[in-house]
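Colleague: I am new to this structure and would like to go through it with you. Could you show me the sequence and the model before I ask anything?

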Amino acid sequence: LFRPTRQDRHAIGDHVRGIFTTPRPRYHAGETIEVVLTMTSPAGAPTVAWQRGGQNRGPRDDQFDFEITRDGQPVPRIEAYNFGGLSFMDELAPSDHDEARTPLAPWADLSRPGHYEVRCSFSTLFAPAGNDPYAATTRGEVWDRTFTGTVSFDVVP
């Protein structure tokens with residue numbers, strides 16, 4: 001009756017690969033430990049935009065989430081509130097890579113020596129580059145994506 005434009009959803013950014021790492025395999029107690037997500041777009045893929053931010057007005061960047069164990073035992077999670085935050089769309093061109101990184105300390109106490117295993121996730125949105133992902137005519141082109149992976153490292157005295 002109103003002739004709205006049909007916005008069929010389809011995967012955007014599914015060609016992007018993500019790998020979680022830590023800068024080093026070993027840290028001294030008290031050192032800052034970061035987790036890095038490196039997203040890579042293959043040659044010949046379309047340029048895409050991905051959302052950076054939006055869940056970082058608080059003590060940490062909640063685009064990330066972690067489950068942490070030390071020597072096989074769960075490390076208690078530090079709960080924190082997320083009050084949203086500013087975000088923008090960052091472009092990822094073919095054959096290029098981009099990083100998102102965060103310190104682990106806001107999620108758990110990592111000061112005790114031991115072997116740590118961290119199950120990581122990072123949630124973002126993908127959209128075709130150059131489009132406003134929030135405009136009424138292009139909202140159907142936005143695609144949710146969560147990257148997952150595991151990192152491990154040792155903390156020594």
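Colleague: Which residue in β8 is the bridge partner of threonine 38?

Modeller: This is a predicted model. In it, β3 and strand β8 (residues 97-103) run antiparallel and are joined by 7 bridges. Within β8, threonine 38 has as its bridge partner glutamate 99.

Colleague: Which residue stands opposite threonine 38 as isoleucine 19 does, that is, which strand holds the threonine?

Modeller: Strand β1 (residues 17-21) pairs with β3 over 5 bridges, in the antiparallel sense. Isoleucine 19 stands opposite threonine 38, and that threonine lies in β3.

Colleague: How many of the 7 residues of β3 are buried?

Modeller: Buried here means a relative accessible area under 20%. Strand β3 is largely enclosed by the rest of the structure, because the residues that count as buried number 5 of the 7.

Colleague: Which element gives the most residues to the largest nonpolar core?

Modeller: The largest nonpolar core has 29 residues, and Phe20, Phe66, Ile68 and Leu104 are those with the most contacts inside it. The elements that give it two or more residues are β3 (34-40), β4 (48-53), β5 (64-70), β9 (114-128) and β10 (143-156). With 5 residues, the element that gives the most is β9.

Colleague: Which residues is leucine 104 in contact with, leaving aside its neighbours within four places in sequence?

Modeller: Leu104 is listed with Phe20, Phe66 and Ile68 as having the most contacts inside the core. Once its neighbours within four places in sequence are left aside, leucine 104 is in contact with Ile33, Val35, Phe66, Ile68, Leu110, Val118 and Phe153.

Colleague: What is the angle between the planes of phenylalanine 64 and phenylalanine 66?

Modeller: The structure holds 8 aromatic pairs. Phenylalanine 64 and phenylalanine 66 form one that is stacked, at 5.8 Å centre to centre, with an angle between the planes of 15°.

Colleague: Is phenylalanine 64 buried or exposed?

Modeller: The cut-off for buried is under 20% relative accessible area. Phenylalanine 66, at 4%, is buried. Phenylalanine 64 has 1% relative accessibility, so it counts as buried.

Colleague: Why is the pair of phenylalanine 126 and phenylalanine 147 edge-to-face?

Modeller: Planes over 60 degrees apart count as edge-to-face. The ring centres of phenylalanine 126 and phenylalanine 147 are 6.3 Å apart and their planes are at 70°, so the pair is edge-to-face.

Colleague: How many residues apart are phenylalanine 126 and phenylalanine 147?

Modeller: Phenylalanine 126 is buried, with a relative accessible area of 0%, and phenylalanine 147 counts as buried at 4%. The pair links distant parts of the chain, with phenylalanine 126 in strand β9 and phenylalanine 147 in strand β10, and the separation is 21 residues.

Colleague: Which residues do ring pairs link into a cluster?

Modeller: The stacked pair of phenylalanine 64 and phenylalanine 66 has already come up. Both are in the cluster linked by ring pairs, whose members are Trp50, Phe64, Phe66, Trp107 and Phe122.

Colleague: Are aspartate 62 and arginine 60 buried or exposed?

Modeller: The count of salt bridges comes to 9. Aspartate 62 forms one with arginine 60, where the closest N and O atoms are 2.9 Å apart. Both aspartate 62 and arginine 60 are buried.

Colleague: Is arginine 119 buried or exposed?

Modeller: Arginine 119 forms a salt bridge with glutamate 67, the closest N and O atoms being 3.0 Å apart. The pair links distant parts of the chain, 52 residues apart, with glutamate 67 in strand β5 and arginine 119 in strand β9. Glutamate 67 counts as partly exposed at 47% relative accessibility. Exposed means over 50%, and arginine 119, at 52%, counts as exposed.

Colleague: Which residues do salt bridges that share partners join into one network?

Modeller: Glutamate 99 was named above as the bridge partner of threonine 38 in β8. Salt bridges that share partners join this glutamate to others in one network, made up of Glu34, Glu99 and Arg101.

Colleague: How far apart in space are proline 4 and threonine 137, C-alpha to C-alpha?

Modeller: Proline 4 is in the segment before β1, and is exposed, with a relative accessible area of 69%. In sequence, proline 4 and threonine 137 are 133 residues apart, while in space their C-alpha to C-alpha distance is 9.6 Å.

Conventions
Residues are numbered from 1 along each chain as its sequence is written. This is a predicted model: local features need pLDDT of at least 70, side-chain atom pairs count only at pLDDT 80 or more; totals for chains, interfaces and linings use all residues. Side-chain values use heavy atoms; hydrogens and water are left out. A nonpolar core is a set of buried Ala, Val, Leu, Ile, Met, Phe, Trp, Tyr and Cys residues joined through side-chain atoms within 4.5 Å. Buried means under 20% relative accessible area, exposed over 50%, partly exposed in between (1.4 Å probe, protein chains only). Helices (H or I, at least four residues) and strands (E, at least two) are DSSP runs, numbered from the N terminus. Contact means heavy atoms within 4.5 Å. Rings of Phe, Tyr and Trp (its six-membered ring) pair if their centres lie within 6.5 Å; planes under 30 degrees apart count as stacked, over 60 as edge-to-face and the rest as tilted. A salt bridge is a side-chain nitrogen of Lys or Arg within 4 Å of a carboxyl oxygen of Asp or Glu. Two strands pair if DSSP finds at least two bridges between them.
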